[in-house]
Every structure is written in C-alpha cells, then in structure tokens.
Amino acid sequence: MTLKIRSGTVPSIISSSLCRRLPLVGALCMLSFGLTNLTPSLSSSSFKTPWSGFSRQLSSVKGIHSGSGGMEGNSNTVPSIVVYVTVPTKEAGKKLAESIVTGKLAACVNRVPGVESVYQWEGKIQTDSEELLIIKTRESLLEPLKEHVKANHEYDVPEVIAMPITGGSLQYLEWLKNSTRD
C-alpha cells in the first residue's frame, strides 16, 4: 500500500506513530523557524507561496501581532522567548516545570512526552527517550532560567535553547508578562 500525495507516493513503511507525530513535528518546526523565516519577503520578491498573504491576514485579526515591531510598540508586553529543555523522565519534567513556574521564571511550561533524541556524546551515538519542556517566558529571564535549569537538572550539559517570540495573541503575551517576575 502507498499513500498518494501531490508530488508522488510515499512507501507504506511510514509507521502510524510517525503519522501521529507529524502535526507535533510541524508545530515544533514552526516554533523553531517562524513563518518569517519560511516565507520570502513580500515586498522584495514576486515569488508567491500558499502562505504569502498569511502575515498580512494575521496582522489584521484583532488581538494578533506579527512581524517586526508588533510587540515592541506595546507597553503591555515585553520581549518574550520560547525555551526548549529536554529531561530524561516524566517525573524530572514535572518537578522542573513546577519549580520554573513557581519561581515565576516562566508563565507556562508545556511537557511533551515521548520525544526520542539521537545525539553524539563522548564519541558515541546515543538514542534516548526524553520529555521536552516548551517554556514561555520573558527574554530578560533567560539567564536566571538557565541557571535554574543547570542547578536542578540531572544532565551535566542540559539543553537550553531559546527562540524569540515575534508575534502572537496580545492577550496571551500580556498574561505572560504579568505571570513572570520583572
């Protein structure tokens, strides 16, 4: 059996668990790269993509800010980031997530179970099942957050990767500001 797609076929060896994870992978890619990195500049290129008008449409929706200058001009929000941290177990994820939110180092921590990480460590390829923490916080709290993760993490070298939030729901970004320490 093969799956038909626009540009051809995909062998049936694609597992159902991979198909279930594709929306998560897509969401993480969008968080990681952002729409502005995926689309060419509308003003400098005649190349059109299916999402070419998305940025314009998004900015016209009430309460949504996108693109450069969207958040900086609003005094009710602060420059914000999403931080990825992986942990070895569900229990470690719960403990670290709760300590981060309790300490007001972040407004929210999403815990994503079942992440499989493949990496090189001490000259060998490793594969581990982990939990991913997706942490939403102020940009100004990155250093204290990194220190907290390092002090409370089981790994010698914990993953702490930050990406800017370049737009989003104004109400959510205001809540993020009000739910974290200055």
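Let me begin with a term: a residue is called buried under 20% relative accessible area, exposed over 50%, and partly exposed in between, using a 1.4 Å probe and protein chains only. Arg 181, for example, has 37% relative accessibility and so counts as partly exposed.

Hello everyone, and thanks for coming. What you see above is a predicted model, where local features need pLDDT of at least 70 and side-chain atom pairs count only at pLDDT 80 or more, while totals for chains, interfaces and linings use all residues. Residues are numbered from 1 along each chain as its sequence is written, and side-chain values use heavy atoms, with hydrogens and water left out.

First, the overall picture. The protein has 5 helices and 8 strands; helices here are DSSP runs of H or I with at least four residues, strands are runs of E with at least two, and both are numbered from the N terminus. Reading from the N terminus, the order is β-β-α-α-β-β-α-β-β-α-β-β-α. Of the 182 residues, 31% are buried. The accessible surface is about 11800 Å², and carbon and sulfur atoms hold 57% of that; such areas come from the Shrake-Rupley method with a 1.4 Å probe, and for residues only the protein chains shown count as cover.

Now for contacts, meaning heavy atoms within 4.5 Å. Take the contacts between residues at least 6 apart in sequence: 69% of them join residues at least 24 apart.

Let's go back to Arg 181, in the segment after α5. What does Arg 181 touch, not counting residues up to four places away in sequence? The list is Gly 103, Lys 104, Leu 105, Arg 138, Leu 141 and Pro 144. Arg 181 and Ser 140 are 41 residues apart in sequence, with 9.7 Å between them in space, C-alpha to C-alpha.

One of those partners deserves a stop. Lys 104 sits in the loop between α3 (90–102) and β5, and has a positive phi of about 55° although it is not a glycine. Most residues other than glycine have a negative phi. With 39% relative accessibility, Lys 104 is partly exposed. Glu 122 also has a positive phi, of about 50°, and is not a glycine either. You will find Glu 122 in the loop between β5 and β6 (124–138), and at 69% relative accessibility Glu 122 counts as exposed.

In α5, residues 170–178, which residues are buried? They are Leu 170, Leu 173 and Leu 176. These cover an arc of only 120° around the axis, which puts them on the same side of α5; the arc is that of the directions from the helix axis to the C-beta atoms. An α-helix has 3.6 residues a turn, so residues three or four places apart point the same way. Gln 171 and Asn 178 are exposed on the other side of α5.

Helix α4, residues 142–152, has Leu 145, His 148 and Val 149 as its buried residues. Their arc is only 100°, which places them on the same side of α4. Glu 147 and Ala 151 are exposed on the other side of α4. Among what covers the buried residues of α4 are β4 (80–87), α3 and β6.

Let me finish with the second largest pocket. A pocket is found on a 1 Å grid over the protein atoms alone: it is an open set of points where a 1.4 Å probe fits, with protein on both sides within 12 Å along at least five of seven lines, and lining residues have an atom within 4 Å of a point. The second largest pocket holds about 260 Å³ of space; grid points are joined across faces, edges and corners, and the volume is the space filled by probe spheres set on the points. Its lining includes Thr 86, Trp 121, Glu 130 and Tyr 155. Strand β5 (residues 108–121) gives the largest share of that lining, 3 residues.

Tyr 155 is in the loop between α4 and β7 (161–164) and is partly exposed, with a relative accessible area of 25%. Leaving aside neighbours within four places in sequence, Tyr 155 contacts Thr 86, Val 87, Pro 88 and Glu 130. Tyr 155 and Thr 86 are 69 residues apart along the chain, and their C-alpha atoms are separated by 9.5 Å.
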